[in-house]
Amino acid sequence: MTVPRFWREQPQRYRLLGAECNNCGGIYFPPRTVCPECRRESIGKMVQRQLSGRGTVLAHTVVHQPADGFELQVPYVMAIVELEEGCRVMAQVVDVVPGSVGTGLPVEMTFRRIREDGRNGVIYYGYKFRPMRHTTLDKRVANSIASPKPSSTPPRSPAGSRPRRS
Ligand SMILES: [Zn+2]
């Protein structure tokens with residue numbers, strides 16, 4: 001089937017998988033097999049990295065002339081989003097009034113229909129971004145306040161120790 005094959009072939013399209021260089025710590029999306037900073041040094045040191053999907057808008061544009069398959073969505077917003085991990089992706093921003101998007105807007109990844117192939121009726125899904133919801137922010141703040149750091153590691157009995165009751 002076409003859709004599962006599309007998903008298998010494009011994992012970064014729906015899982016936002018990047019690549020991290022274990023030599024310098026650089027994170028790249030789309031994933032790279034060689035770090036552009038370290039080049040030969042990074043060979044064999046690039047590892048898959050799941051990105052958080054949270055970031056901020058660096059730049060954006062409002063699209064009035066749709067690409068094929070986007071006819072029903074104009075006007076829509078395309079933005080360069082800088083992710084928390086430091087890499088940048090270009091994607092559509094949804095759930096916004098086009099004029100309200102500005103630099104520095106906190107956004108998070110969401111799964112949405114990307115386009116529809118009218119000939120065979122296949123609908124493609126992938127990531128887009130939407131303004132980060134206050135509930136999400138509040139929850140994150142609440143979590144950081146509510147969860148105290150563990151003061152110390154609780155004492156553990158060695159695995160091979162004798163049973164307490166003899
Ligand atoms: Zn590197």
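Predicted model: local features only at pLDDT ≥ 70, side-chain atom pairs only at ≥ 80, totals over all residues.
## Overall make-up

The chain has 166 residues, and 17% of them count as buried. Taking the contacts between residues at least 6 apart in sequence, 49% join residues at least 24 apart.

## The open sheet of β1, β2 and β3

Three strands make up an open sheet, with the order β2-β1-β3 and antiparallel pairing. The edges are held by β2 and β3, each of which has a single partner strand, so one side of each has no neighbour in the sheet.

The antiparallel strands β1 and β2 are joined by two bridges. Glutamate 20 has isoleucine 27, in β2, as its bridge partner.

## Strand β5 and its partners

Strand β5 pairs with β4, which covers residues 54–63, in the antiparallel sense over eight bridges. It also pairs with β6, again in the antiparallel sense, over six bridges.

β5 and β6 form a hairpin with four residues between the two strands. In its turn, glycine 86 has a positive phi of about 100 degrees.

Val77, Ala79, Val81 and Leu83 lie on the covered face, while Tyr76, Met78, Ile80 and Glu82 lie on the uncovered one.

In soluble globular proteins, nonpolar side chains tend to be buried together. The largest nonpolar core in this model consists of 19 residues, and Ala79, Val81 and Phe129 have the most contacts inside it. At least two residues of this core come from each of β1 (17–21), β5 (76–83), β6 (88–93) and β7 (106–117). The strand that gives the most is β5, with four residues.

Apart from neighbours within four places in sequence, its contacts are Gly55, Thr56, Val57, Leu58, Arg88, Val89, Ala91, Val107 and Phe129.

## Backbone details in the loops

The loop between β2 (27–28) and β3 (46–50) contains proline 30. The peptide bond leading from phenylalanine 29 to this proline is cis, with omega near -5 degrees. Arginine 39 lies in the loop between β2 and β3 as well. Although arginine 39 is not a glycine, it has a positive phi of about 50 degrees.

Another loop, between β6 and β7, holds aspartate 95. This aspartate, also not a glycine, has a positive phi of about 60 degrees. With 12 other C-beta atoms within 10 Å, aspartate 95 is exposed too.

Definitions and conventions. Residues numbered from 1 in each chain as written. Core = buried A, V, L, I, M, F, W, Y, C linked by C-beta atoms within 7 Å. Buried ≥ 20, exposed ≤ 12 C-beta atoms within 10 Å, placed from the backbone. Contact = placed C-beta atoms within 7 Å. Pairing = 2+ DSSP bridges.
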